Amino acid sequence: MNTQLIEHLLSLPVQLVAVTKKHTKEEVDALYTLGVRTFGENRVQEFLEKYDPNYSWHIIGHLQTNKVKYIIDKVDMIESVDSLKLASEIEKQAKKIGKVQDILIELKVSDDPNKTGLPLEDLDDLLEKVDQMEHVRLRGLMCIASNTEDTQKIEHEFDTMHSLYHDLQQKRDHIDTLSMGMSHDYPIAIKHGANTIRVGTALFE
Ligand SMILES: *Cc1c(COP(=O)(O)O)cnc(C)c1O
């Protein structure tokens, strides 16, 4: 565990989501002891095995609609909402348990065909629908930038996100989360407006 880096990240004026996929519950506990309070998991099965109600959890990976019912009472934030179908299912399941579920919309800013997220041109449509959902509260946007050495390209993607986030803040209440930046690009993300970073690998090196 990279204690020095973890302390550094906790001292930054952004929220750290410690990504604990492929790591054990014991490692999650060790991070908690160091002061980490929010954990990110990308797979439902693995999340359920590690889940601890005393910690705050974000789902950050692609979420199948048929899995929403297993996590809805356990997560503070679903960061990876990328379709109307998923948002509608969250609305349905949250309503059942009388919860208002915080979400982020994950946007696809990268041209990498393997990357997930909602295409930018579909954002307005989804926003309109989500606005009508009483058990879904949109808190902001999330993205995964291109995996490249080309810093300018990454900066451009983060700037695009920041500008969309800024527009959203002008038009809606409760928008306070711009989640971008991972182990290799979080310093760039912070410089370009991220207020939440999702760091995994680097914490454990
Ligand atoms: C794995 C993952 C991260 C963390 O990536 P690292 O490179 O390990 O820091 C962040 N966001 C998402 C969506 C992930 O799946």
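A residue counts as exposed when its relative accessible area is over 50%, and as buried when that area is under 20%. The exercises below use these cut-offs on a predicted model.

**Exercise 1. The two sides of helix α1**

Determine which residues of helix α1 are buried, which exposed residues lie on the face turned away from them, and what covers the buried side.

*Solution.* 
Step 1. Helix α1 spans residues 3-11, and its buried residues are L5, I6 and L9.
Step 2. Viewed down the axis of α1, these buried residues fall within an arc of 100 degrees, so they line one face of the helix.
Step 3. On the face of α1 turned away from the buried side are the exposed residues Q4 and S11.
Step 4. The cover over the buried residues of α1 includes β1 (15-19), α2 (25-33), α8 (186-191) and β9 (196-199).

**Exercise 2. The surroundings of the ligand**

State which residues surround the ligand, find polar side chains that approach its atoms, and give the share of its area that the protein buries.

*Solution.* 
Step 1. The residues around the ligand are V19, K21, N42, I60, I144, M182, S183, R198, V199, G200 and T201.
Step 2. The side chain of S183 has an N or O atom 2.5 Å from an oxygen atom of the ligand.
Step 3. In the side chain of R198, an N or O atom is 2.9 Å from a nitrogen atom of the ligand.
Step 4. A polar side-chain atom of T201 is 2.5 Å from an oxygen atom of the ligand.
Step 5. The ligand taken alone exposes 390 Å², and the protein buries 87% of that area.

**Exercise 3. Aromatic pairs**

Describe the pairs F39–Y55 and Y51–W57, and classify each ring residue by its accessibility.

*Solution.* 
Step 1. A pair of aromatic rings is described by the distance of the centres and the angle of the planes.
Step 2. The whole structure contains seven aromatic pairs.
Step 3. One of them joins F39 and Y55, with 5.3 Å from centre to centre and 35 degrees between the planes, which makes the pair tilted.
Step 4. This pair links distant parts of the chain: F39 is in strand β2 (residues 38-41), whereas Y55 is in the loop between α3 (44-50) and β3 (56-59), 16 residues apart.
Step 5. F39 is buried because its relative accessible area is 0%, and Y55 is buried at 12%.
Step 6. Y51 and W57 form a tilted pair, with 6.4 Å between the centres and 50 degrees between the planes.
Step 7. Y51 is partly exposed at 25% relative accessibility, whereas W57 is buried at 0%.
Step 8. Ring pairs connect Y32, F39, F47, Y51, Y55 and W57 into a cluster.

**Exercise 4. Polar side chains in two strands**

Locate S80 and R139 and identify a polar partner of each.

*Solution.* 
Step 1. S80 belongs to strand β4 (residues 77-81) and is buried, with 0% relative accessibility.
Step 2. A polar atom of the S80 side chain lies 2.6 Å from the backbone oxygen of G61.
Step 3. Beyond four places in sequence, the residues that S80 touches include I59, I60, G61 and H62.
Step 4. R139 is part of strand β7 (residues 136-143).
Step 5. The side chain of R139 makes a polar contact of 2.8 Å with that of D102.
Step 6. With neighbours within four places in sequence set aside, R139 is in contact with several residues, among them M77, D102 and H174.

Terms used: Residues are numbered from 1 along each chain as its sequence is written. This is a predicted model: local features need pLDDT of at least 70, side-chain atom pairs count only at pLDDT 80 or more; totals for chains, interfaces and linings use all residues. Side-chain values use heavy atoms; hydrogens and water are left out. Buried means under 20% relative accessible area, exposed over 50%, partly exposed in between (1.4 Å probe, protein chains only). Helices (H or I, at least four residues) and strands (E, at least two) are DSSP runs, numbered from the N terminus. The arc is that of the directions from the helix axis to the C-beta atoms. Contact means heavy atoms within 4.5 Å. A residue is near a molecule or strand if one of its heavy atoms lies within 4 Å of it. A polar contact is a pair of N or O atoms within 3.5 Å; within protein, one must be able to donate a hydrogen and the other to accept it, and residues adjacent in sequence count only if both atoms are side-chain atoms. Accessible areas come from the Shrake-Rupley method with a 1.4 Å probe; for residues, only the protein chains shown count as cover. Rings of Phe, Tyr and Trp (its six-membered ring) pair if their centres lie within 6.5 Å; planes under 30 degrees apart count as stacked, over 60 as edge-to-face and the rest as tilted.
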